[in-house]
Amino acid sequence: MKKKAVIYGLIVIGILIGIFLIYEKQKASKITNIKTSIAQVGELKSYISTTATVNSKNSKEYYGLQSKIKKVKVAVGDKVKIGDILVTYETIDLASTVTQAQIQYDNAVLQKEDLYNQNDDIKSKISDFSNEIITLEKSSNPTDKAKLESLKQQKSALAPLSSEKLKQTDNSVKLAEISLNSAKQKLSENKSSIISTSAGVVTTLKAIEGAVGNGMEAVVIVQDIENLKVVAFLGKYDASKIKIGQEVILKNEDKTYKGSVSFIDPAAIKTVGVTGSETTLAVEISILDKAPDLKIDFDVDVDILVGKVASAIKIPSEALKVEKGGKNLVYVVEDNVVHERQVTIGSQSDTEVQITKGINKGEKVILNPSTSILEGTSVKELTK
């Protein structure tokens with residue numbers, strides 16, 4: 001009997017242990033594992049991150065002349081200084097053309113003056129005849145009567161030049177003047193060479209000896225490859241945050257350089273592409289450090305500092321949960337129990353967000369809260 005009692009006792013103990021283990025397992029299954037971070041006080045910087053294109057601060061385009069290229073004096077990569085001859089052209093003698101045009105203009109002016117003088121003489125004679133006729137008409141002398149008829153015939157034979165004829169001579173002078181100015185303009189444009197007005201390196205060369213330039217295309221581009229800037233194009237939202245003088249970090253592979261916003265275009269530019277139109281604003285950034293590895297027209301990554309808070313209560317960005325309607329939530333852990341907090345946010349960086357209301361320094365917040373994280377949920381923090 002004692003042996004049976006012991007066996008029964010062991011069975012009861014086993015059952016109780018099983019029930020306890022099942023209970024503990026069910027209890028453990030209701031606890032959610034989480035990762036957390038501590039709300040800290042410190043400096044928070046917010047940046048606009050984008051890509052920009054490297055440009056020269058000093059770039060000069062030289063357009064070709066409408067003449068045959070005689071000699072190309074430079075090659076891509078050559079260093080040039082102010083006054084260096086880049087390209088020479090074959091020229092023609094246009095001085096004689098200007099001389100001929102000048103003579104034609106002078107003759108047209110003389111003809112106009114002569115015609116106007118003739119017209120003035122005719123008017124003067126008509127006036128004299130009229131005055132003399134009036135006097136003779138008052139006389140009863142037979143000789144005066146005979147003279148009167150002769151004067152009337154002479155007067156009737158005279159007539160001033162028509163306005164159309166005078167207009168024609170005016171037009172002749174204007175046409176001669178246009179021809180003269182055109183000849184002078186062609187002579188001034190009949191240059192024999194392109195001379196550099198800036199120092200730098202030849203980065204583009206499209207001049208070909210023997211070819212005839214069209215005057216519409218830049219045949220030589222000279223750029224300063226040591227004094228560089230970068231140009232970024234920003235959308236409406238980001239552009240509104242940009243100001244002259246803001247600090248910039250430029251990144252090229254594993255190297256970083258300091259920069260500063262130096263110019264903001266006064267007007268945005270609309271471009272049309274395959275996916276539709278886009279409106280952006282150009283922002284120029286001066287490179288403050290030596291950057292010999294940066295090349296013109298290469299892209300670089302830029303981070304523009306648009307906000308800085310010296311002492312901000314901040315948490316990792318992945319601790320913030322944004323619901324519909326712009327409601328910002330953070331889940332705080334106290335004694336392994338979740339408490340939902342609605343918070344007000346301030347500045348943000350790529351990795352951190354400022355909390356201006358709702359969280360205190362030192363509180364523990366849940367990272368990447370899942371939908372199962374609710375007010376009152378029991379949690380267990382995972383150790384690293």
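**View 1. Asn368 in the loop between β22 and β23.** In this predicted model, Asn368 lies in the loop that links β22 (364-366) to β23 (379-381). Its phi is positive, about 50°, although Asn368 is not a glycine. Most residues other than glycine have a negative phi. Asn368 has a relative accessible area of 56%. Because that value is over 50%, Asn368 counts as exposed.

**View 2. Thr377, a buried residue of the loop between β22 and β23.** Thr377 is found in the loop between β22 and β23. Its relative accessible area is 14%. Thr377 is therefore buried, as the cut-off is under 20%. Leaving aside neighbours within four places in sequence, Thr377 is in contact with Thr32, Asn336, Val337, Val338 and Ser372.

**View 3. Glu253 in the loop between β12 and β13.** Strand β12 covers residues 247-252, and β13 covers 255-264. Glu253 is found in the loop between these strands. The phi of Glu253 is near 60°, a positive value in a residue other than glycine. Relative accessibility is 76% for Glu253, so this residue counts as exposed.

**View 4. Helix α3 and the contact at its start.** Helix α3 spans residues 142-156, 15 residues in total. From its first C-alpha to its last, α3 reaches 22 Å. That is close to the 21 Å expected at 1.5 Å a residue. At the start of α3, Asn141 contributes a side-chain oxygen. This oxygen of Asn141 comes to within 2.8 Å of the backbone nitrogen of Thr143.

Definitions and conventions. Residues numbered from 1 in each chain as written. Predicted model: local features only at pLDDT ≥ 70, side-chain atom pairs only at ≥ 80, totals over all residues. Heavy atoms only, no water. Helix = DSSP H or I, 4+ residues; strand = E, 2+ residues; numbered from the N terminus. Buried < 20%, exposed > 50% of the residue type's maximum accessible area, 1.4 Å probe, protein only. Contact = heavy atoms within 4.5 Å. Expected span 1.5 Å × (residues − 1). Polar contact = N/O pair within 3.5 Å; in protein donor to acceptor, adjacent residues only side chain to side chain.
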